[in-house]
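I opened my notebook for a first walk through this structure. Come along, and we can look things up together.

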Amino acid sequence: MKALVFAAGFGTRLLPYTRHLPKPLFPIAGIPLLEHILMQLCHAGITEIHINTHHLGDKIHTFIKRFQPRFPVPVRLHPEDPLLGTGGTLKKQIHHFGNHPFLVMNGDVYTRADLSTLMTVHLQSDAAATLGVTDAPEINTVCLDDQGAVLGFTPDRFPDAMCFRTFTGIQVIDPSRTSPFPQEEIFSSIRWYEQMIAEGLTLQTMEIPRHDWADIGSAESYQQAAWKAMIAETATNGTEPIRFDKLAGDGSDRSWYRVSWANRTAILGDHGMGEKTAPCDYLSVCHIGTHLYQQGLAIPRILTSDPFSGAVLMEDLGDVHLADAVNRLSGDADAVIDLYHTVFSNLMTLNRKGHAGFQAAWTQQTAVYDADLIIEKECLYFIHAFLVSGLGLAVDPDPLMPEFRQLAERASNGTFMGFMHRDCQSRNILIREGTPYFIDFQGGRTGPLEYDLASLIIDPYVNLQSDLRIRLITCAEDLLTKRIGSPVRLSDTAFPWCRLTRNLQILGAFAFLSQQKGKIGFADYIPSAIRTLKQTVTELPEPLLPNLRALVLTLPEAPDICRFMPSASA
């Protein structure tokens, strides 16, 4: 049996990705979809394959030219201009198949179904065509009778149909049993099938399990297909249904899913479709995550990843964040100290061992937490996103620049330089069986341990009281003293300055995420972050940063949170 593959479409629903890559060449589990299709056809016993092309047809021709020498059956390409529709293409190409049954397949379909079974089912029947169908309730439009024969393709016309199914784009056609084609040149195969049904010809169907088929016509459906294939290649035997449950989002633009199959789970991070070039979150996650895990550090293991679909599949460490654990221990200060003792110890190991072999090429923004980064991404972020856009204050940053430079130089001059997480707060630490694991490490770079310690101690998600923060500082000092063998006072390091820069960054981020990104939950933490900022500047040694100190002390401790709603910036 021969086969015809439709590969000419524009892929409009996949724009902008199809501007430079035709749908049939989108990668699935690292392999172009068209290669998956050709290999499946070959394994099913197909002896010759025909492919129509149009949009970016030269790329498909180049692919086939490279692929053909290692492929055991001939592949014939047929450029098409203008596009004829699926029916028009069948009409033009059917002479290649004589009066013999042939298999037809859409070039944007990914399936694990056994195509030889469909071929056998058809050959054992007297049907004009056998259509592969699946049960996808959201798009079921094929109307079937109690024998599985097609009544039509418009559910409203057949409300009494035994069931409704989705046409998979996979079919076997017998030219010796079909009716003549419509007279026009451009039409769909569905039109031809409806004509056959009206003439009393039989179109039978064969069920394909839903988890064995995917149409990649849209970005969402492509990603789902690519993710399932990636997971099946890595973690399953390829037969279990895979379920995706969306998790609550964070401050980034990424989406997160808990993936379930059989009795296993994993966490999938969606970093967006498209080609990946450094610097970007996807590459930083993969490079830094692989490095840290190989160093034996407490992070989730990366199971697999897929660059074009943007997926990174990680070990599932559960749902208990440090914030949850601390809030459950409310009122038991000693237990909280014990928990942070373990967190600090692991963080110090992350700082030291994570820096060994760490490469600057893996980082985003800057390779090092330096003064310029601090001024732009923390000090001025505070001014523009929080004070000006958020609170509506007319603040000129120029008079503050000398103090920002002084602050930035002190904060970047750490005593304990190493791998710096840079967003080390209680929602980015998971607790499993008493062990803290660090997540969201893609912003990592070389920097002071003092910054990550400050991030934890002023963390607004747990709102630690002043006396507890003092005890935590002492806890961290004791751990560092034991590690280096001499007394450590964090007040003599970059810690006070990192505490201030981190606080400025927090308020800038909360204002931006609430007002510009519509993630209004972050606004709830602004009042406590303001109180912490005021306390931080009052503890700085006089007479440093007088203008910044004065500005901070004038801030309202209970600002109108409505100002940080998305409509406030419109």
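**Entry 1: Ala-29.** I started at Ala-29, which sits in the loop between E2 and strand E3 (31-32). I keep in mind that I am reading a predicted model. Ala-29 is not a glycine, yet I found a positive phi of about 55° for it.

**Entry 2: cis peptide bonds.** Next I looked up peptide bonds. Which form does the bond from Leu-15 to Pro-16 take? I noted it as cis, with omega near 5°. Pro-16 belongs to the loop between strand E1 (2-7) and E2. I also wrote down Asp-81 and Pro-82, which are joined by a cis peptide bond with omega of about 5°. I placed Pro-82 in the loop between E5 and helix H3 (85-93).

**Entry 3: domains.** Then I stepped back to the whole chain. I found it divided into domain 1 (2-215), domain 2 (219-315) and domain 3 (322-554). In the contact I found 14 residues from domain 1 and 18 residues from domain 2.

**Entry 4: the interface of domain 1 and domain 2.** How much area is buried between domain 1 and domain 2? I read about 1300 Å², with 65% of that given by carbon and sulfur atoms. On the side of domain 1 that touches domain 2, the elements giving two or more residues are strand E2 (27-28) and strand E13 (213-215). By class, I listed 9 nonpolar, 2 polar and 3 charged residues on that side.

**Entry 5: a salt bridge.** I turned to charged pairs in the structure, which holds 25 salt bridges. One of them joins the side chains of Arg-70 and Glu-35, at 3.5 Å from N to O. I traced both ends: Arg-70 is in the loop between helix H2 (57-67) and strand E5 (75-79), while Glu-35 is in helix H1 (residues 33-43). The two are 35 residues apart, and the pair links distant parts of the chain.

**Entry 6: an aromatic pair.** Why does the pair of Tyr-461 and Phe-510 count as tilted? Their ring centres are 6.0 Å apart and their planes stand at 55°, so I logged the pair as tilted. Tyr-461 is in the loop between helix H12 (449-457) and helix H13 (466-484), and Phe-510 is in helix H14 (residues 495-515), so this pair ties together parts that are 49 residues apart in sequence.

Methods
Residues are numbered from 1 along each chain as its sequence is written. This is a predicted model: local features need pLDDT of at least 70, side-chain atom pairs count only at pLDDT 80 or more; totals for chains, interfaces and linings use all residues. Side-chain values use heavy atoms; hydrogens and water are left out. Domain bounds come from an automatic or database domain assignment. Contact means heavy atoms within 4.5 Å. Buried area is the accessible area (1.4 Å probe) that two parts lose on being put together, summed over both. Helices (H or I, at least four residues) and strands (E, at least two) are DSSP runs, numbered from the N terminus. Ala, Val, Leu, Ile, Met, Phe, Trp, Tyr, Cys and Pro count as nonpolar, Asp, Glu, Lys and Arg as charged, and the others, Gly among them, as polar. Rings of Phe, Tyr and Trp (its six-membered ring) pair if their centres lie within 6.5 Å; planes under 30 degrees apart count as stacked, over 60 as edge-to-face and the rest as tilted. A salt bridge is a side-chain nitrogen of Lys or Arg within 4 Å of a carboxyl oxygen of Asp or Glu.
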